[in-house]
Amino acid sequence: MNVHIDLCIVPMGVGVSVSRYIVACHEILDEHDLSHTLHAYGTNIEGDFDTVFQAIKACHEKVHAMGAPRITTSIKLGTRVDREQSLRDKVESVETKRKKPV
């Protein structure tokens, strides 16, 4: 089963800049061959349910190994089994509807 996730991992106790931790997590997502898109307050990820959660666990392990004593993570996720739909499909659906006159 595929899953769409909005993920926000916040290392705590490491100062105010967390970009190096985000880079490390994106490298892990690449290693797991997951489609992902960075946005200002997190990352959208899509892929096989188990693979995505394995990658999230690997991100936590990496961020701790980089020196973060605590991590707080927010996850919003959705699954759909009636048809295939990518994250891009969902965005395009809204963009198309916004362009139509009322």
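**Close-ups of a predicted model**

**View 1. Val 52 and the residues it touches.** Let's start with one residue in this predicted model. Leaving aside residues up to four places away in sequence, Val 52 is in contact with Val 3, Ile 5, Leu 34, Ile 45, Glu 46 and Gly 47.

**View 2. The largest nonpolar core.** Now look at the group that Val 52 belongs to: the largest nonpolar core, with 18 residues. Val 52 is among the members that touch the most others, along with Ile 5, Leu 7, Ile 9, Leu 34, Ile 45 and Val 63. Strand 1, helix 1 and helix 2 each give two or more residues to this core, and helix 2 has the largest share, with 6. In soluble globular proteins, nonpolar side chains tend to be buried together.

**View 3. The largest pocket.** Here's an open space of about 450 Å³. It has 20 lining residues, and Val 3, His 4, Gly 78, Gln 85 and Lys 90 are the closest to its centre. Strand 1 (2-12), strand 3 (42-48), strand 4 (70-79) and helix 3 (87-99) each bring at least two residues to the lining, with the largest share, 5 residues, coming from strand 1. Sort the lining by class and you get 5 nonpolar, 8 polar and 7 charged residues.

**View 4. The second largest pocket.** This one holds about 270 Å³ of space. Its lining has 19 residues, and Cys 8, Ile 9, Ile 22, Gly 42 and Thr 43 sit nearest the centre. At least two lining residues come from each of strand 1, helix 1 (19-31), strand 2 (35-39), strand 3 and helix 2 (49-65). What classes make up the lining of the second largest pocket? There are 15 nonpolar residues, 4 polar ones and no charged ones.

Notes:
Residues numbered from 1 in each chain as written. Predicted model: local features only at pLDDT ≥ 70, side-chain atom pairs only at ≥ 80, totals over all residues. Heavy atoms only, no water. 1 Å grid on protein atoms, 1.4 Å probe; cavity = no way out; pocket = protein on both sides within 12 Å on 5 of 7 lines; lining within 4 Å. Points joined across faces, edges and corners; volume = space filled by probe spheres on them. Helix = DSSP H or I, 4+ residues; strand = E, 2+ residues; numbered from the N terminus. Nonpolar A, V, L, I, M, F, W, Y, C, P; charged D, E, K, R; others polar. Core = buried A, V, L, I, M, F, W, Y, C linked by side-chain atoms within 4.5 Å. Buried < 20%, exposed > 50% of the residue type's maximum accessible area, 1.4 Å probe, protein only. Contact = heavy atoms within 4.5 Å.
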